[in-house]
Amino acid sequence: MALRQLIAKDFRNIANADIQFCSQWNVLTGDNGSGKTSVLEAIYVLSHGRSFRTTKLQKVIQHDCDELTLFARIDWSMQQLALGVQRTRSGEWLARLNGEAVQRVADCASVLPVQLLQPESFRLFFGGPKERRQFFDLGLFHVEPSFYQTWLQFQKVLKHRNALLKSRQGYNEQYHYWDLQFVQLSLQLKQQRQRYLHLLRQAILPLTAQVPFLSQLTVDLYAGWSEQGSESSAEQHLLALLQQNFSTDLKFGYTQIGPQKADLKLKIADDAVEEILSRGQLKVLLFALKIAQSNVIYDSGFKQPLLLIDDLASELDDDSKRYVFDFLHKTQSQVFITAIEESQILPLLSMQSEVGVFHVEHGQIKRTDNDGRR
Ligand SMILES: Nc1ncnc2c1ncn2[C@@H]1O[C@H](COP(=O)(O)OP(=O)(O)OP(=O)(O)O)[C@@H](O)[C@H]1O
Ligand SMILES: [Mg+2]
């Protein structure tokens with residue numbers, strides 16, 4: 001899968017751009033403020049319907065313009081897809097896939113899956129469970145088709161249970177009704193996540209085994225509640241935990257245990273990685289994780305996510321950059337990398353790779369290589 005062409009209109013400082021990308025590597029160079037990150041952001045908005053830089057999407061519409069338009073031509077196994085998105089300042093969002101209206105943003109993500117790596121990613125990722133859970137579930141969403149439905153059903157049940165807790169009702173029949181469904185869906189989610197964990201481990205360990213400071217990495221999953229003893233079934237155990245925790249749940253007004261609290265546990269020997277690795281080393285690990293996930297998604301079908309890598313060179317020394325490029329050379333994904341100078345990136349790419357180099361200046365994007373030849 002590859003993004004072949006991107007047309008962006010009135011997106012940040014890009015008034016009008018029509019870019020033909022390479023199916024392997026795309027390097028975007030230019031000064032600070034020229035619009036490099038904005039190109040990655042445009043691709044991300046097409047996929048996710050939201051930005052990674054702001055929660056207010058109207059901020060990405062060019063000043064003094066009423067709407068932005070993005071259009072992508074995507075090579076998708078044997079066919080070509082056309083995905084277009086329009087967003088007005090008043091908040092209307094319109095997406096079309098091959099001319100037909102798209103109902104759910106998730107449908108865009110499924111034809112144009114992307115993985116983003118930016119300088120702040122590693123801080124968010126290693127700072128708390130939410131990012132790690134989202135990362136993990138994004139992979140699952142692509143690999144396990146039933147996951148999304150189960151997750152939606154679970155969210156509904158959780159919402160009902162939390163609403164009861166907020167209304168300060170003591171334990172009653174209604175809780176019991178929701179708790180039975182809570183248990184059943186939680187166990188389904190746990191099973192789906194465990195299957196995916198197995199695949200992720202198989203993809204990441206061969207990458208990290210090559211890196212001295214990551215060679216002892218272990219990857220595990222906390223389901224969101226404590227493991228059961230052997231005396232009860234998984235259902236009975238979780239139901240009992242919900243009941244034991246009921247008074248605390250009532251005090252806080254929401255449910256404290258369950259798959260909404262799941263977490264990916266990354267350790268080196270017995271230590272959590274964030275307590276032992278340096279910032280640069282954590283960045284290398286994050287690259288390994290995201291690339292491993294891309295590879296898992298690729299192996300499960302045809303959807304390999306695009307890798308959007310903003311400002312790759314920052315904070316990485318030469319050895320670390322080499323590790324990251326070794327990982328990148330082991331992926332089938334189409335890669336987009338921004339850097340101030342092409343000399344920060346090009347020497348690290350193998351001579352066999354197809355590379356497009358683009359220079360960005362005041363929102364104008366020009367291809368500067370010779371059709372992929374260097
Ligand atoms: N809504 C908007 N309309 C017009 N211009 C905008 C808008 N939002 C941001 N800009 C400008 O667009 C440019 C976007 O820069 P961007 O962040 O893409 O640059 P960059 O090339 O990634 O720079 P750096 O190397 O510093 O990361 C900036 O100059 C910014 O001031
Ligand atoms: Mg930038």
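Which helices and which strand do the buried residues of helix 11 pack against? The exercises below treat a predicted model, in which local features need pLDDT of at least 70, side-chain atom pairs count only at pLDDT 80 or more, and totals for chains, interfaces and linings use all residues. Residues are numbered from 1 along each chain as its sequence is written, and chains are lettered from A and ligands numbered from 1 in the order in which they are written.

**Exercise 1. Find the buried side of helix 11 and its partners.**

Step 1. Helices (H or I, at least four residues) and strands (E, at least two) are DSSP runs, numbered from the N terminus, and a residue is buried if 20 or more other C-beta atoms, placed from the backbone, lie within 10 Å of its own, exposed if 12 or fewer, and partly exposed in between.

Step 2. In helix 11 (residues 318-328) the buried residues are Y323, V324, F327 and L328. They lie on the same side of helix 11, because the arc they cover around the axis is only 140 degrees, the arc being that of the directions from the helix axis to the C-beta atoms.

Step 3. D318 and D319 are exposed on the other side of helix 11.

Step 4. The buried residues pack against helix 6, helix 10 and strand 13 (335-339), where contact requires C-beta atoms, placed from the backbone, within 7 Å.

**Exercise 2. Describe how helix 4 packs with helix 10.**

Step 1. The axes, which are lines fitted to C-alpha atoms over the stretch in contact, with angles running from 0 to 180 degrees between N-to-C directions, are 9 Å apart for helix 4 and helix 10 (residues 279-299), at an angle of about 10 degrees. Helix 4 is therefore roughly parallel to helix 10, a term for angles under 35 degrees.

Step 2. On helix 4, G139, H142 and V143 meet Q293, V296 and I297 of helix 10. The residues of this contact divide into three nonpolar, three polar and no charged, with Ala, Val, Leu, Ile, Met, Phe, Trp, Tyr, Cys and Pro counted as nonpolar, Asp, Glu, Lys and Arg as charged, and the others, Gly among them, as polar.

Key:
Parallel < 35°, antiparallel > 145°, perpendicular 65-115°, else oblique. Contact = placed C-beta atoms within 7 Å.
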